[in-house]
Amino acid sequence: MTPPPATPLPHHTADGPGDAPPLLLGPSLGTALAVWDPQLPSLARHHRVIRWDLPGHGGTPAEVVGAGPAPTTSIPGLARLVLGLADALGIDRFAYAGISLGGAVGAWLAAHHPERIVSLALLCSSARFGEPAGWHERAALVREAGLGPIAESAASRWFTAAFADAPQARALVDGVRRSVTPAGYAACCDALAAYDLRTGLARITAPTLVVAGRDDPATPPAHARELADGITDARLLELSDAAHLANVERPAPVRDALLGHLAAHPDNGSPAAPPSPGTPAPHPAEGTAQ
């Protein structure tokens, strides 16, 4: 019998060739694996794509961060789950892309474990997600009242008004009620409350792409500019007509920016395969997409 892992692992899926360069994708608070569906087919052509779920989200139980009715976690704690997952899969160095909270996990890894990160992409993320009090209040609300109030306001945080009724948007909002637990959501709020990497951005040496939605109320473009200014040689892409889940609302320019970034910065030990005929030309990973 195979012994259980020494540390719990998050629920995850693997797509793409098993011998291709690995790419780990981190989700945002309140979402699960499906948040990356718009980019998955293209990314999995030439990468071994590993998507993982946050505690209490999708297939990952909230208990991975501790027992009890009100477990808590931190960005370093979530990063340890990701490193444990990579180790369990036999992955040493990997490219990483993350949305919001998932991006914060990647930024922390790049700052504290640079030997593991080949390249980094931060989508609608931040070095500090506002005042801790607001996150503590949200955690308390969810623990007391459940996820109903959060689900009701999710569309206005995640999408522009023009996109909020799209099928893709409705499916993700419905997922808050179906696939997220109050304990897991609140634990991740605790992680966001304690997170502040502003003084550590200069430690990130991995080639970095930063993507912002110009209509993002959760992490406005100023947050992305702070990341791009603080990380040496980071490239910034600001998308019009996009809010917090920019990769869902503007899937094509995000896909092309990621493909271009990954192709430009392959692991020297595991070079990326050349694009196949018909693969879209990479979108310039800087400037503004209209």
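**Close-up views of a predicted model**

**View 1. Helix H2 has buried residues that are covered by, among others, strand S1 (12-15), strand S2 (22-26), strand S3 (48-52), strand S4 (94-99), helix H3 (101-112) and H7.** The model is predicted: local features need pLDDT of at least 70 and side-chain atom pairs count only at pLDDT 80 or more, while totals for chains, interfaces and linings use all residues. Residues are numbered from 1 along each chain as its sequence is written, and side-chain values use heavy atoms, with hydrogens and water left out. Helices (H or I, at least four residues) and strands (E, at least two) are DSSP runs, numbered from the N terminus. Of the 14 residues of H2, 10 are buried, so the helix is largely enclosed by the rest of the structure. Buried means under 20% relative accessible area, exposed over 50%, and partly exposed in between (1.4 Å probe, protein chains only); covering is judged by contact, that is, heavy atoms within 4.5 Å. Among the buried residues are Ile 75, Leu 78, Leu 81, Val 82 and Leu 85.

View 2. At the start of H2, a side-chain oxygen of Ser 74 comes to within 3.0 Å of the backbone nitrogen of Gly 77. This is a polar contact, a pair of N or O atoms within 3.5 Å; within protein, one must be able to donate a hydrogen and the other to accept it, and residues adjacent in sequence count only if both atoms are side-chain atoms. Just after H2, Gly 90 has a positive phi of about 75°.

**View 3. The salt bridge between Arg 143 and Asp 190.** A salt bridge is a side-chain nitrogen of Lys or Arg within 4 Å of a carboxyl oxygen of Asp or Glu, and the structure holds 12 of them. Here the N to O distance is 2.9 Å. Arg 143 is in helix H4 (residues 132-145) and Asp 190 in helix H7 (residues 182-194), so the pair ties together parts 47 residues apart in sequence. Arg 143 is partly exposed at 33%, whereas Asp 190 is buried at 12%.

**View 4. The salt bridge between Arg 214 and Glu 238.** The closest N and O atoms are 3.1 Å apart. Arg 214 sits in the loop between strand S6 (208-213) and helix H8 (221-230), and Glu 238 in strand S7 (residues 235-239), 24 residues apart. Arg 214 has a relative accessible area of 40% and is partly exposed; Glu 238, at 7%, is buried.

**View 5. Arg 157 in helix H5 (residues 148-158).** Arg 157 is buried but has no salt bridge: Asp 216, the nearest side chain of opposite charge, is 8.6 Å away. Lys and Arg count as positive and Asp and Glu as negative; His and the chain ends are not counted. Leaving aside residues up to four places away in sequence, Arg 157 touches residues including Arg 138, Tyr 185, Asp 216 and His 244.

**View 6. Cys 189, a cysteine in no disulfide.** The structure holds zero disulfides, a disulfide being a pair of cysteine sulfur atoms within 2.5 Å. The cysteine sulfur nearest to Cys 189, that of Cys 188, is 7.4 Å away. Cys 189 is buried, with a relative accessible area of 0%.
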